[in-house]
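Try each one before you read its solution.

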Amino acid sequence: MNRLYEQIAAAPGGRVSYADYMQMALYDERFGYYMRERAKIGKEGDFFTNSSFAPVFGKALASLWIRLVEEGGLPPAVCEWGGGDGRLALSVLEEWKKKSPHTYDRLSYTIIDQSPFHRRRQRETLQPVAEKVEQYDDVSRWLVERGPFSGIVFSNEFFDAFPVHVIVKEGGVLHECFVAARDGRLIEDKAPLCRPDIVRYLDERGLDLAEGQRLEVPLAMKAFWLDVGPLFHQAVMVTVDYGCTDEQLRAPARRHGSLRGYFRHQLVADPLRHPGEMDLTSHVQWDALRLYARQAGWEEVAFVRQDRFLLAAGLLHEWNVSEGGDFFSPANRQNRMIRALIADDGVSRFFDVLILQKGMSLPARDFWPEPEFLSAD
């Protein structure tokens, strides 16, 4: 807190944008949350995510990706953006080796993660398949070093952690919100909006805020797509995250914005609490991601809720019909994970899946065994 406060106090006017604050609080090499030497995911961390269901989630992903390679003609190469503790990658690799040994022999799996702590945990977790895995700390550097990529790109809760600017409409005037250092604490400060790139974002997205509405402006996500999006040759991208469409952004429930923190499995509405010690996240603006992906040369294939994606990918094929009476048996444990992923009130109701392709002409029916899930309401 003291180091971060000193950096903000030394900035012009003693304040920084929310985007700069998030960059420091999450990614600073000395005190950023993701750089800390401690668990972030699971019971000992601050939040649960899909990797907590890695044994079955990874099997469903592997089944889909094997079809993309064997039937769609993609090379057996996977790049995962933000690999966490590596458990999901391990599940994918073990299932791939079992189901398609002839493509597994040629398979390469790259994980890109900015956190040195996560990369070390990944190496420990993935030791049984270490020969298949390479690691990078930056997407741009990976693409520059290896050249245009062909294969499968996967991310889980990757874009929600991008730094965002925050704006609000008050008295009919748009203001940008800042993080200021005052009297030994961090507070929010506001000033009339004067950044041309934020105004341009609102114009090209056709967004008009209602009185009192707050909105996160994902300029970093836009820059990321326009920078790295063109550097792919033939690829399919599967993006899993939580977010909202433009229509949902206009709902009254969204008028206060979505930037918040997660600290020891508690949602924290004030993003200025526990700086550097809690995860900061905002809802992905799906229509913005789609727009900039198109500008970078990608084509949308499907956009579905996560449970429908997993069902279409073949998750129910992993259901063990002979559970037996032992509640703690591996079969029962796997079935409980499947239930948690596909139940109406399960974890998947919070997540959507966007599937994109570039340099490919794969209609949905070519890699969905049950394409009716794509048209479900």
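**Exercise 1.** In this predicted model, find what lies over the face of Phe303, and at what distance from the ring centre.

*Solution.* Start at the ring of Phe303 and look along its face: Arg290 lies there, at 4.3 Å from the ring centre. Next, go to Tyr104, where the charged end of Lys132 sits over the ring, 4.8 Å from its centre. A charge counts as sitting over a ring when NZ of Lys or CZ of Arg is within 6 Å of the ring centre and within 35 degrees of the ring normal.

**Exercise 2.** Classify the aromatic pair of Tyr27 and Tyr34 by its geometry.

*Solution.* The structure holds 23 aromatic pairs. For Tyr27 and Tyr34, take the centre-to-centre distance, 5.4 Å, and then the angle between the planes, 40°. Planes under 30 degrees apart count as stacked and over 60 as edge-to-face, so the rest are tilted. The pair of Tyr27 and Tyr34 is therefore tilted.

**Exercise 3.** Which residues touch the most other members of the largest nonpolar core?

*Solution.* The largest nonpolar core has 47 residues, and those touching the most other members are Trp65, Trp96, Tyr109, Val238 and Phe309. Helix α3 (residues 54-70) gives the most to this core, with 10 residues. Then follow Trp65: leaving aside neighbours within four places in sequence, Trp65 is in contact with Val78, Val92, Trp96, Tyr109, Ile152, Phe154 and Val238. Apart from this core lies another, of 43 residues, among them Val139, Met221, Phe224 and Leu354. In soluble globular proteins, nonpolar side chains tend to be buried together.

**Exercise 4.** Is Ile187 buried, partly exposed or exposed?

*Solution.* Locate Ile187 in strand β8 (residues 185-192). Its relative accessible area is 25%. Finally, list its contacts beyond four places in sequence: Phe178, Val179, Ala180, Arg182 and Leu272. Leu272 is 85 residues away along the chain, yet the C-alpha atoms of Ile187 and Leu272 are separated by 7.3 Å.

Methods:
Residues numbered from 1 in each chain as written. Predicted model: local features only at pLDDT ≥ 70, side-chain atom pairs only at ≥ 80, totals over all residues. Heavy atoms only, no water. Helix = DSSP H or I, 4+ residues; strand = E, 2+ residues; numbered from the N terminus. Buried < 20%, exposed > 50% of the residue type's maximum accessible area, 1.4 Å probe, protein only. Contact = heavy atoms within 4.5 Å. Phe/Tyr/Trp six-rings, centres within 6.5 Å; stacked < 30°, edge-to-face > 60°. Core = buried A, V, L, I, M, F, W, Y, C linked by side-chain atoms within 4.5 Å.
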